[in-house]
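Subject: Structure handover

Hi,

Here is the structure I promised to pass on. Please open it first; my notes follow below.

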Amino acid sequence: MWIFLILLCLFENGLYVLCASFGDKYKVNTIIEFSLIPTMGIDDIYILSGQIYNKTCATEKYIFASNKLRNTLERFVIPEI
């Protein structure tokens, strides 16, 4: 399996990275959330329900992602810790 970065989104102290993967099927539906302060590290990994997304952004409570195949903007709740 190959994974590479598609898009970065910065919100407050977090970095959200949209990733593509090559396995059985090409998918662009994984977002990795990194904390930046006090040190950089992975906070969470989100698998979105669609297959291919091409744009994302994040707010305090939501991740918004553009579903390329459906031509829709989707909203996903960021779970509270």
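Predicted model: local features only at pLDDT ≥ 70, side-chain atom pairs only at ≥ 80, totals over all residues.

**Overall shape**

The C-alpha trace spans about 35 × 25 × 20 Å along its principal axes. Of the 81 residues, 37% count as buried. Take the contacts with a separation of 6 or more: 20% of them come from residues 24 or more positions apart.

**Surface and charge**

The accessible surface of the chain is about 5700 Å². Carbon and sulfur atoms hold 58% of that surface. The chain has 7 positive and 8 negative charges. Their mean positions lie 14 Å apart.

**Cysteines**

How many disulfides does a search of the whole structure find? The search returns zero. Look at C9 and C57 to see why: the C9 sulfur has its closest cysteine sulfur in C57, 5.8 Å away, which is too far for a bond. A disulfide would need the two sulfur atoms within 2.5 Å. C9 is buried, at 10% relative accessible area. C57 is partly exposed, at 38%.

**Backbone points to check**

- The peptide bond between I37 and P38 is cis, with omega at about 0°. P38 sits in the loop between β3 (26-35) and β4 (41-47).
- E12 has a positive phi, near 50°, although E12 is a residue other than glycine. Its place is the loop between β1 (2-11) and β2 (14-22). E12 is exposed, with a relative accessible area of 61%.
- N71 also has a positive phi, near 55°, and is likewise a residue other than glycine. The loop between β6 (62-67) and β7 (72-77) holds N71. Its relative accessibility is 71%, so N71 counts as exposed.

Best wishes

Definitions and conventions: Residues numbered from 1 in each chain as written. Heavy atoms only, no water. Buried < 20%, exposed > 50% of the residue type's maximum accessible area, 1.4 Å probe, protein only. Contact = heavy atoms within 4.5 Å. Areas by Shrake-Rupley, 256 points an atom, 1.4 Å probe, with all protein chains shown as cover. Lys, Arg positive; Asp, Glu negative; His and termini not counted. Charge placed at Lys NZ, Arg CZ, Asp CG, Glu CD. Helix = DSSP H or I, 4+ residues; strand = E, 2+ residues; numbered from the N terminus.
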